[in-house]
Amino acid sequence: MSDSTITAQTASSYDGIGLDALERRLQDDLECLCYPSANWVASTEREHPADADVLIVGGGMCGLLAWFALRTAGIHNVRIIDQSPVGREGPWVSYARMETLRSPKQLTGPAFGMASLTFQAWYRASFGAEQWDELDKIPRPQWMEYLRWYRKALQVPVENNVRLTKVESQGELLALTLDGAQTPAITVRKLIYATGRDGIAKANIPDFVSGVDTSRWAHSSHDIDFTALKGKRVAVVGVGASAVDNAAEALEAGACEVRHLIRRTEMPTINKMMGIGSYGFVAGYAELSDEWRWRFMQYSFATQTPSPRGSTMRVSRHENAWFHFGKAVSAVRETAEGLLIHFADGSQLETDFLILGTGFSTDPLARRELGEAAANILLWGDAYTPPAHEENADLGRFPYLSDDFTFREKQAGDTPWLRHVYCFNYGATASLGKVSGDIPGISEGARWLAKSLSARLYQEDISIHWQHMQDYSRPELQGDEWTPSELPDSSMAREAI
């Protein structure tokens with residue numbers, strides 16, 4: 001039997017079985033893998049025990065997977081919170097406005113090596129083989145449906161409508177304040193930011209809208225009332241994925257015109273990172289020198305990831321959509337009729353509403369709950385000086401992490417507790433690669449996180465584990481497995497010879 005035949009037969013076993021049956025299969029798989037692993041963390045034996053060993057901030061894809069990875073590793077005293085209502089975690093049903101995901105449908109994403117936990121298994125169980133074969137890319141709302149099932153199937157205890165508002169040091173522990181939680185003040189040993197794309201970032205708002213009434217512009221991450229744009233002139237700054245998706249929403253809502261204002265002179269068309277996507281890159285990137293890591297990421301930033309073809313066609317199929325290149329915005333002024341946009345080349349444009357598809361700017365200071373400690377997080381701009389032709393201010397604002405996802409201090413000794421805070425989100429990209437925010441490498445990142453955090457917890461409690469070893473007294477042998485014997489007399493043995 002060929003490998004392809006085996007694969008086809010295995011895959012077909014999911015087709016049309018329904019989600020209840022898929023969940024039963026998942027539970028059988030987990031049981032065969034001895035999940036969950038026995039808890040080994042010495043939580044209650046410490047001199048100063050914490051309320052939880054770990055708090056995960058974020059109940060979206062990264063947070064759910066981080067919880068599962070820790071549970072698999074035998075770390076049970078974990079809490080996970082999300083500021084959003086149930087079912088609205090992450091960007092998928094809020095400010096994400098693409099029709100489909102960019103990633104190929106076959107990628108295993110947060111499945112953590114389990115076939116029955118993949119999107120493919122979920123889809124085939126729900127809709128069957130024929131629809132799976134016909135599916136091109138994953139519709140965005142359907143990805144959210146899958147993540148909701150993922151949470152339910154694994155029984156991840158996300159606490160929704162809860163926000164982390166303050167982090168302070170309390171000896172060896174972190175003292176946290178949680179707004180909306182039944183217990184608003186808790187202590188933990190480790191804190192994980194599993195907060196996705198905007199994990200330690202803020203919306204990149206250009207200075208040219210300063211002073212402009214916010215009723216006349218919005219960032220692509222804002223809650224935009226697109227129905228109010230019907231019959232309006234709309235300008236969109238940028239041509240990345242978020243800019244294009246928001247332009248499409250405006251067009252489909254009935255905007256009379258949508259004009260992309262693009263600083264570049266040419267449309268980005270090639271996703272350079274696709275040219276090196278491999279397990280080797282995932283595994284090897286963090287081991288590279290600062291020079292090479294910076295070079296890879298700076299080149300990716302400089303060439304820019306293009307908007308997906310489908311998303312771009314979603315805009316260009318409208319006759320009232322235009323792409324204007326070489327139009328760097330220098331100023332925006334309010335007029336009686338709307339907005340007057342000034343460009344660096346001296347030209348102008350009148351419009352009614354402006355959408356900023358300008359992405360996010362990585363900035364640890366955006367985590368206000370960290371207080372003054374946020375300013376002491378070591379950044380790439382602090383740790384590395386690139387050649388003049390590779391300078392990039394945006395990349396320089398990424399945190400310069402340790403190899404276990406934890407923050408480093410800019411001034412050593414001022415905030416040593418930052419070593420207990422893990423950056424498992426897009427902010428880790430410059431230091432560790434694409435393993436903590438994007439679908440392709442997320443499971444590898446979660447394994448890495450769980451192993452690193454487990455090692456740290458074990459090392460911190462090494463004296464307790466040493467005592468456990470000495471105190472262990474359960475006998476393997478009961479004493480009835482053998483009979484003592486005497487050696488034969490050596491002189492008699494010689495006479496016999």
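A: β15 and β16 run antiparallel to each other and pair over 4 bridges. One of the contacts in this pairing joins I341 to L349 in β16. The two strands form a hairpin, with 4 residues between them. In that turn sits G346, which has a positive phi of about 95°. All of this is read from a predicted model.

Now turn to the other partner of β15. Strand β15 covers residues 339–343, and β14 pairs with it in the antiparallel sense over 5 bridges. V329 has F343 in β15 as its bridge partner. E334 has L339 in β15 as its bridge partner. Here too there is a hairpin: 4 residues lie between β14 and β15.

The 3 strands make an open sheet in the order β14-β15-β16, with antiparallel pairing. β14 (329–334) and β16 (348–351) stand at the edges. Each has a single partner strand, so one side of each is left without a neighbour in the sheet. Neighbouring strands of this sheet are turned by 20° against each other on average, direction ignored. Strands of a sheet pair through backbone hydrogen bonds, either parallel or antiparallel.

Next, the helix. α9 spans residues 290–303, which makes 14 residues. From its first C-alpha to its last, α9 reaches 20 Å, close to the 20 Å expected at 1.5 Å a residue. Its buried residues are D290, R293, W294, M297, Q298 and S300. They cover an arc of only 160° around the axis, which puts them on the same side of α9. An α-helix has 3.6 residues a turn, so residues three or four places apart point the same way.

What covers that buried side? Among the elements that cover the buried residues of α9 are α8 (279–284) and α11 (380–383). The cover also includes α12 (393–396) and α13 (429–432). Just after α9 comes Q304, with a positive phi of about 65°.

Conventions
Residues are numbered from 1 along each chain as its sequence is written. This is a predicted model: local features need pLDDT of at least 70, side-chain atom pairs count only at pLDDT 80 or more; totals for chains, interfaces and linings use all residues. Side-chain values use heavy atoms; hydrogens and water are left out. Two strands pair if DSSP finds at least two bridges between them. Axes are lines fitted to C-alpha atoms, for helices over the stretch in contact, and angles run from 0 to 180 degrees between N-to-C directions. The expected span of a helix is 1.5 Å times one less than its number of residues. Buried means under 20% relative accessible area, exposed over 50%, partly exposed in between (1.4 Å probe, protein chains only). The arc is that of the directions from the helix axis to the C-beta atoms. Contact means heavy atoms within 4.5 Å.
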